[in-house]
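Visitor: Could you walk me through how this one is put together? I'd like to start with the overall division and then get into the packing.

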Amino acid sequence: MSSLQLFIWLGTNRSKPRITGHLLAYSAIQLKRILDRKGIELRKFIAKPVPFIAAYQHEVNYSDTTTFTYQLALILEAGLPIGLALYELQHSSERQGVRALLEELHYQIQQGQKLSIAMQEFTFLDPIYLQFVRIGEENGDLSTALGFCTQHREKNQQLIKQVTSALIYPTSVIIMACVVFAIMMTFVIPQFSSLFHSFGAELPKLTKLIVELSSWFQNYVWGLLFYLIIFTSLVYLCYRKNKPFRYHIAKYSLSIPILGRCILVSELARFNLLLCNGIQAGLPLVTCLNNASLAVRNAFIREALSNANISIKEGKSLYHSLEGLSFLPSIMLKMVKIGELSGTLAVITGRLATLFEQQLKETTDKLGQLIEPFIIVFLGTLVGGLVISMYLPIFSLMSAVG
């Protein structure tokens, strides 16, 4: 299904031969369906992208999805059928995108479609969300699965806020440092260079290096930016279109200091949480592992865990299927083994999910503290180097005059 669109429509009804209006909907079919319920016969329409301000006000965001998921879980827990629950929720949000989403889901349910299949048409509902819904449908307890999904999304949203707040300061400092560097290289240093040359004195080596760098920067900065944009675009297209390239990027990203650890721990927390929910729901281990693996975002980890599912189909235990994966921490393998031997695999995987979530929180808390010293060294080297290179010739001239 396409993204949310702005439809400008022309129609008629029994009392008016000509009615116009605009509506946010996900497809022309949905537009016609909504107008039919209002007694309006659609004659013409024009579909346009949603304007920026309207998109900010009405498109479905992460918080909206979490909110209506929580509300849907409560209504289902009260005993209402899924169709009626979605119908009641349609008018609970002021955002037209949410109302259009719930209207489409309600219609698909009325047509006999599964909720998970109807939801997978919307790209902003991520694979983890869909896996929670599938688990709830397969075990017949959708309200509990949606409750777990809400808890997971709230924790994830809190973690994103922590990481964002930790990275705002260093990112803004680096951007400002780059802007200052570009201004000095383009406007300030050339003025100093012409001043030094007017005296005809021999410049120190550091000053010569900075002056030559400034000259090179002025001549090639636009070409450098152009090639940088081209290179970034090519990398992005390869990542989106080329599966082997995406696999290798995912594999080598785990080797990045600190960040690689964050990626691994977050994926393992997500994997164990879904595995725990599936086992608690009474689903077969093969199905649980398949659902949990599909929710993993890192392509390298996802493929490795999916291959482990093949070993389970061949009759091996979960521990023996996972022990060959080098990126898994030993604590996880030991606890999985204990869980299988004691028959408490659901409890163990739940505790592993909590353990990895805690490790991820601790790592992100330390992220800002670890980055700050490097920022200070970077700024000191950049600004200090430029200032010293400009003042060295002045000191030399003053000593010569003296």
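Predicted model: local features only at pLDDT ≥ 70, side-chain atom pairs only at ≥ 80, totals over all residues.

Visitor: Okay, which domains is the protein divided into?

Guide: The division gives domain 1, covering 5–57, and domain 2, covering 61–154.

Visitor: What separates their centres, and how many residues are in contact?

Guide: Taken over C-alpha atoms, the centres of domain 1 and domain 2 are separated by 25 Å, and ten residues of domain 1 are in contact with ten residues of domain 2.

Visitor: How much area do they bury between them?

Guide: Domain 1 and domain 2 bury about 830 Å² between them, and 46% of that area lies on carbon and sulfur atoms. On the side of domain 1, Leu24, Tyr26 and Arg33 supply 61% of the area buried against domain 2, which is more than any other three residues supply.

Visitor: Switching to helices, at what angle do H3 and H4 cross?

Guide: Helix H3, residues 62–77, crosses H4 at roughly 135°, and the two axes come within 10 Å. That angle is why H3 counts as oblique to H4, and H3 passes H4 in a right-handed crossing.

Visitor: Which residues meet there?

Guide: From H3 the residues are Phe68, Gln71, Leu72, Ile75 and Leu76, and they meet Ile82, Ala85, Leu86 and Leu89 of H4. Sorted by class, the residues of this contact of H3 with H4 are eight nonpolar, one polar and no charged.

Visitor: And H4 against H5, what's the angle and how far apart are the axes?

Guide: Helix H4 (residues 82–89) packs with helix H5 (residues 96–110) at an angle of about 160°, and their axes are 9 Å apart. Because angles over 145 degrees count as roughly antiparallel, H4 and H5 are roughly antiparallel to each other.

Visitor: Left-handed or right-handed, and which residues make the contact?

Guide: H4 passes H5 in a left-handed crossing. The contact is made on the H4 side by Ile82, Gly83, Leu86, Tyr87 and Leu89, and on the H5 side by Leu102, Leu105, His106 and Ile109. Those residues of H4 and H5 divide into seven nonpolar, two polar and no charged.

Visitor: Last pair: how do H11 and H12 pack?

Guide: Helix H11, residues 259–280, and helix H12, residues 285–294, pack at an angle of about 150° with axes 8 Å apart, and H11 and H12 are therefore roughly antiparallel to each other. The crossing of H11 and H12 is right-handed.

Visitor: What's in that contact, residue by residue and by class?

Guide: In H11, Phe271, Leu274, Leu275, Gly278 and Ile279 meet Leu285, Cys288, Leu289, Asn291, Ala292 and Ser293 in H12. By class, the contact of H11 with H12 comes to eight nonpolar, three polar and no charged residues.

Note on methods: Residues numbered from 1 in each chain as written. Heavy atoms only, no water. Axes fitted to C-alpha atoms, helices over the stretch in contact; angles between N-to-C directions. Helix = DSSP H or I, 4+ residues; strand = E, 2+ residues; numbered from the N terminus. Parallel < 35°, antiparallel > 145°, perpendicular 65-115°, else oblique. Left-handed = near helix turned anticlockwise from the far one by under 90°. Contact = heavy atoms within 4.5 Å. Nonpolar A, V, L, I, M, F, W, Y, C, P; charged D, E, K, R; others polar. Domains from an automatic or database assignment. Buried area = accessible area lost by both parts, 1.4 Å probe.
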